[in-house]
Amino acid sequence: MSFSQRLREMLQRLSFKVQQFMVGRYGTDQFTLFLIIFSMVFTFLGNFRPMRFLYFIGVAIIFYGLFRTLSKNYEARRKELNWYLRWSEKPKAELKLFGNKLRDRNTHKYFKCKECKTVLRVPKNRGKIEITCPKCRAKVVKKT
Ligand SMILES: [Zn+2]
């Protein structure tokens, strides 16, 4: 058997073993992905001397992510995921809005409806216009 054949066989055996090991285990989810990114940021910042402790927090977070991935307690992990999804909803929406504002900075203006807090997007440079909120029908005059 050639070396490459042997190597391929070894990798196949290894991936089979990994698969077997992962049977019944939770695996990864969005929360784990978030933990990985978070721990990468922390360990990176931990390289700078006054923030050394962040490195250890980063390592602790990655171990928590690993623990979740290998866990057999599906119910507890799902609870954590739901908690994370609820918690991250608002920052995610704000981040998206920030991106949209940046993308449309030359063409559109964004503002919140005073009544229902819906985010409205109107074209720029149309002078003073009256805008009707599509959600609550409140009217507002804005300079665009
Ligand atoms: Zn409204």
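Me: Before we count anything, what counts as a helix or a strand here?
Reply: Both are DSSP runs, numbered from the N terminus: a helix is H or I over at least four residues, and a strand is E over at least two. This is a predicted model, where local features need pLDDT of at least 70, side-chain atom pairs count only at pLDDT 80 or more, and totals for chains, interfaces and linings use all residues. Residues are numbered from 1 along each chain as its sequence is written.

Me: What radius of gyration does the protein chain have, next to a compact globule of 144 residues?
Reply: The radius is taken over C-alpha atoms, and the globule rule is 2.2 Å times the number of residues to the power 0.38. The C-alpha atoms fill a box of roughly 80 × 40 × 40 Å along the principal axes. A compact globule of 144 residues would come out near 15 Å, but the protein chain has 25 Å.

Me: How far apart are the centres of domain 1 and domain 2?
Reply: The bounds, from an automatic or database domain assignment, are 3-92 for domain 1 and 104-144 for domain 2. Taken over C-alpha atoms, the separation of their centres is 42 Å.

Me: Why does α1 lie largely in the open?
Reply: Call a residue buried if 20 or more other C-beta atoms lie within 10 Å of its own, exposed if 12 or fewer, and partly exposed in between, with C-beta atoms placed from the backbone. α1 has 20 residues, and it lies largely in the open because the number buried is zero.

Me: Which helices do the buried residues of α2 pack against?
Reply: Those buried residues are F31, T32, L35, S39 and F42. With contact meaning C-beta atoms, placed from the backbone, within 7 Å, the partners are α3 (52-70) and α4 (74-103).

Me: Which residue in the turn between β1 and β2 has a positive phi?
Reply: Strands pair if DSSP finds at least two bridges between them, and five join β1 (residues 108-112) to the antiparallel β2 (residues 119-123). F111 sits opposite L120 in β2. The hairpin leaves six residues between the strands, and the one with a phi of about 65 degrees is K117.

How values were computed: Contact = placed C-beta atoms within 7 Å.
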